[in-house]
Amino acid sequence: MVLLKEKLEKIDIDDIKKDVKIGIIGAGYVGLVTAAGLAYKGYNVLIVEKDKEKLKKIKQGICPFYEPDLQKYLLDSIELNRLSFRENIFDLVNECRYIFVCVGTPIKDDGTYDMYYLDIVAKEIANSLKNDFKVITIRSTVPPGTGRWFKKAIIRYRRGLKANFEVVSMPEFLREGNAIYDFFNPSRIIIGSDNYDIAKEVSELYSDFNSPILIVSLEEAEIIKLASNAFLATKISFINSIANLSEAFEANIENIRLGIGLDPRIGMDFLKAGIGFGGSCLPKDLTALISVFNNYQINPILFEAVKIINEERIEIFINKVKNALWNIKNKILTVWGVSFKANTDDIRESPALKIIPRLSQEGAIINVYDPKGLHNFQNYIQKNYPHFSNNIKLIENIYESTVNSSAILITNDWDEYKKANYYNIYELMETPIIIDGRNILNPLEIKEIGFEYYSIGNNIK
Ligand SMILES: NC(=O)c1ccc[n+]([C@@H]2O[C@H](COP(=O)([O-])OP(=O)(O)OC[C@H]3O[C@@H](n4cnc5c(N)ncnc54)[C@H](O)[C@@H]3O)[C@@H](O)[C@H]2O)c1
């Protein structure tokens, strides 16, 4: 392992950047942020995206999902002619020395990663290779061993023809909702390769980022990513377990959290009690890590516990709602939050996707509000629960969503909820009850207005 931060010579990168072409395969959350960010930094970035609808929007400078500030960087990069599009991987590989693979790596029903998309990309890259040397960097989250398989797959698909390339594993750590900030200020840049010179060359693309750069092996890079996500998931399940204990006594988890998190060895981040983690990464990568452990006959008990604790959060929250309301049948319940967290419209694995149908099944009428996630949620409900669509109403105004409501259920953590006028909301509701699944409101202030307030891990009367 080599820590490069101090060692990198700061080359006058601006002069050469515009001649450096970087190809991005897959313009989703990771690919599009990376593309717009690298273009803004001065590189000549090319995109291939197979989803035609998505590509059409991106070409027009419209971000196909909500990510703060990304729209601006996307438009600027297109206007500056630093971001362009290619129809296929063949053209992209032909033009670019550096190829960043950012396609999805979902998991299958058995909990293992689905390598289908990566395999297709390996085949298309293999069919595109000519004499020029290519550096293929995997940015997708993958199980250890993938980089080596990817290399082998390309060589196989070449069927004995010369294959002039190297594979690098460069995991992505961006947080949705903070992705632009994270792109420009990465906590660390991890570059894994069998070939130190190539890894160093890739690191030079990032030489004007003020972040530590670690050069490691392919497998180390892959494990670092999975282990990082597993650690974050573990912290969340840890504090949620302690929240259960807190509720058994007259205690507030927020005070306990502060008392634990002020220890610099522990820290406050990801130590927030709530209804558990969701999103496209933590649940998927945790499940896949357990499969990797099982595959190598390593005991995954720690991560299994983290997963079970997370899944229990939904049931615990639903019980809290029922206990607070006595009866939910034919009552209007207002749910604030369908995206898996604030500042994104991404609803993948969002806890609300499980909570809303469960409450609806028990006869509640659900008014749903979310600042950005409603359109994705509408598609989700129509596809998966068409029979509930009459009982689930999507409302685009936070106040309207509370009219005649029996309770507000807070399921993600947008700032808008903190800033709302609760005096107005109190007047609009049938019974002023708030069940805060993210502990974002101030209990004293809310109770002072007259609300009955329930939160997570807080049993102070
Ligand atoms: N979303 C995050 O916050 C995040 C953070 C870190 C790592 N990751 C990892 O990065 C990877 C991508 O995640 P994402 O959220 O950006 O996924 P995504 O589904 O939003 O984007 C993937 C894109 O790749 C495109 N694609 C797939 N195959 C293609 C092909 N052959 N040619 C061209 N385009 C193709 C898809 O159409 C899609 O637009 C995953 O492995 C994920 O685990 C995601």
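1. Strand E13 (residues 407-410) and strand E14 (residues 433-436) pair in the parallel sense over three bridges, where two strands count as paired if DSSP finds at least two bridges between them, and isoleucine 408 stands opposite isoleucine 434 in E14. Helices (H or I, at least four residues) and strands (E, at least two) are DSSP runs, numbered from the N terminus.

2. On strand E15 (residues 452-455), the pairing with E14 is again parallel and runs over four bridges, with isoleucine 434 opposite tyrosine 453 in E15. From E14 the chain passes through helix H18 (residues 443-449) to E15 in a right-handed β-α-β crossover; right-handed here says that, with the strands pointing away from the viewer, the path from the first strand over the helix to the second runs clockwise.

3. As to the basis of these points, this is a predicted model, in which local features need pLDDT of at least 70 and side-chain atom pairs count only at pLDDT 80 or more, while totals for chains, interfaces and linings use all residues. Residues are numbered from 1 along each chain as its sequence is written.

4. The protein has 18 helices and 15 strands. Its radius of gyration, taken over C-alpha atoms, is 24 Å, close to the 23 Å that the globule rule (2.2 Å times the number of residues to the power 0.38) gives for 461 residues, so the protein is as compact as a globular protein of that length. Along its principal axes the C-alpha trace spans about 70 × 45 × 40 Å.

5. An automatic or database domain assignment divides the protein into domain 1 (2-216) and domain 2 (232-455), and their C-alpha centres lie 34 Å apart. The contact between them, counted where C-beta atoms placed from the backbone lie within 7 Å, takes 14 residues from domain 1 and 16 residues from domain 2.

Note on methods:
Two residues are in contact if their C-beta atoms, placed from the backbone, lie within 7 Å.
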